[in-house]
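Please keep the sequence and the model in view while reading.

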Amino acid sequence: MSFSGDVKKELAGQVGGGRHCRLAELSAIISFAGKLSAADKSLCLKIETANSALKEKYKKLLSLLFSIEEPPGGLFGEEALKVLESVKMWDAQKNRFRDMETVDGLLIQQACCRRAFIRGAFLACGSMSSPDKAYHFEIVCRTKKQAGQLLHIINCFDMEARIALRKKNQVLYIKEGAHIVDLLNIMEAHESLMNLENVRIVKEVRNLVNRKVNCETANISKTVGAAVRQTEDILFIKNTMGLESLPDHLREAAGLRLEYPDAPLKELGTYLNPPVGKSGMNHRLRRISEIASEMGKKSKGENAP
């Protein structure tokens, strides 16, 4: 099973303790996955999904809230209207349907109810990428109005959810790993949260090690490259004018570089008497390179026609 499937399976087992939370979650499921139709001159309400976790949760909520066991074809007639009235999608007094794009604000006034609503929306139309590959959480919404309400509810918890148009659907998404962890906590998917955190820790440690290795590799390459150039400059002076032409302190530094071609500057400085630091050794070798450069320019000028 995918990571997203594991999250939904866990959420299917989470049921709010209060009736108000259960109604909030049921309203999300009906709003995002419900379908109304007419069958045999009677209203039919059913949930369109192939997701077993969502079916399980929907049946559980119907049983807890109304002691109803959904028949295979969906809820019909008075039972369907009773459920729709409870989630404020049917006005019994005016005998008409209410807005089904969004849910009534009275159902999601409390923070616990908003948590339940997000859980129901994710069960109905949500998905998550495997954290081994990428951090991506999304819920596909039917309309812009529905997406706007869900965005407001999620961002009430200090999230940074966004909406993007995908074909005809509005997709609410979150790509920040830390926020996805927080959202799993909000939906009460605590086991999935721990699994994601474990993956995040491993990835962060691996990335840290890779950065350090890359940094060390770059430093080694830089040091080796500098040592090679210094050695070439010293050999040029040796073959052109001889190292005896250098002042004593530079001749001594040049001799050490030829003797220890791979040694870092700090180590080379310890071989001098008296020893010098890394900056002192760097200064001497840089001066040698300047002399080699001046000699090269002079040599070219002499050889010019």
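## Terms and basis of the model

Helices (H or I, at least four residues) and strands (E, at least two) are DSSP runs, numbered from the N terminus. The model is predicted, so that local features need pLDDT of at least 70 and side-chain atom pairs count only at pLDDT 80 or more, while totals for chains, interfaces and linings use all residues. Residues are numbered from 1 along each chain as its sequence is written, and side-chain values use heavy atoms, with hydrogens and water left out.

## The largest pocket

On a 1 Å grid over the protein atoms alone, a pocket is an open set of points with protein on both sides within 12 Å along at least five of seven lines, unlike a cavity, where a 1.4 Å probe fits but cannot get out; lining residues have an atom within 4 Å of a point. A volume is the space filled by probe spheres set on the points, which are joined across faces, edges and corners. The largest pocket holds about 300 Å³ of space, and of its 14 lining residues the closest to the centre are Lys222, Thr223, Ala226, Leu265 and Lys278.

Three helices each supply at least two residues of this lining, namely H8 (190-240), H10 (265-270) and H11 (278-303), and H8 gives the most, with 7 residues. With Ala, Val, Leu, Ile, Met, Phe, Trp, Tyr, Cys and Pro counted as nonpolar, Asp, Glu, Lys and Arg as charged, and the others, Gly among them, as polar, the lining of the largest pocket divides into 5 nonpolar, 4 polar and 5 charged residues.

## The second largest pocket

About 170 Å³ of space lies in the second largest pocket, whose lining includes Lys46, Ile47, Lys55, Tyr58, Lys59 and Glu70. Strand E2 (42-47) and helix H3 (52-66) are the elements that give two or more residues to this lining, and H3 gives the most, with 3 residues. By class, the lining of the second largest pocket has 4 nonpolar, 2 polar and 4 charged residues.

Two strands pair if DSSP finds at least two bridges between them. An open sheet of 4 strands runs in the order E6-E7-E9-E8 with antiparallel pairing, and its edge strands, E6 (126-128) and E8, each pair on one side only.

Strand E8 (residues 162-166) and strand E9 (residues 169-174) are antiparallel over 5 bridges, and arginine 162 has tyrosine 173 in E9 as its bridge partner. Their hairpin has 2 residues between the strands, and lysine 167 takes a positive phi near 55° there. Strand E7 (residues 137-141) is also joined to E9 by 5 bridges, in antiparallel fashion, and valine 140 stands opposite valine 171 in E9.

## Cysteines and a loop position

A disulfide is a pair of cysteine sulfur atoms within 2.5 Å, and the structure holds 0 disulfides.

Buried means under 20% relative accessible area, exposed over 50%, and partly exposed in between (1.4 Å probe, protein chains only). Cysteine 112 is partly exposed at 32%, and cysteine 156 is partly exposed at 39%. Alanine 92, in the loop between strand E4 (90-91) and strand E5 (96-97), has 41% relative accessibility and therefore counts as partly exposed.
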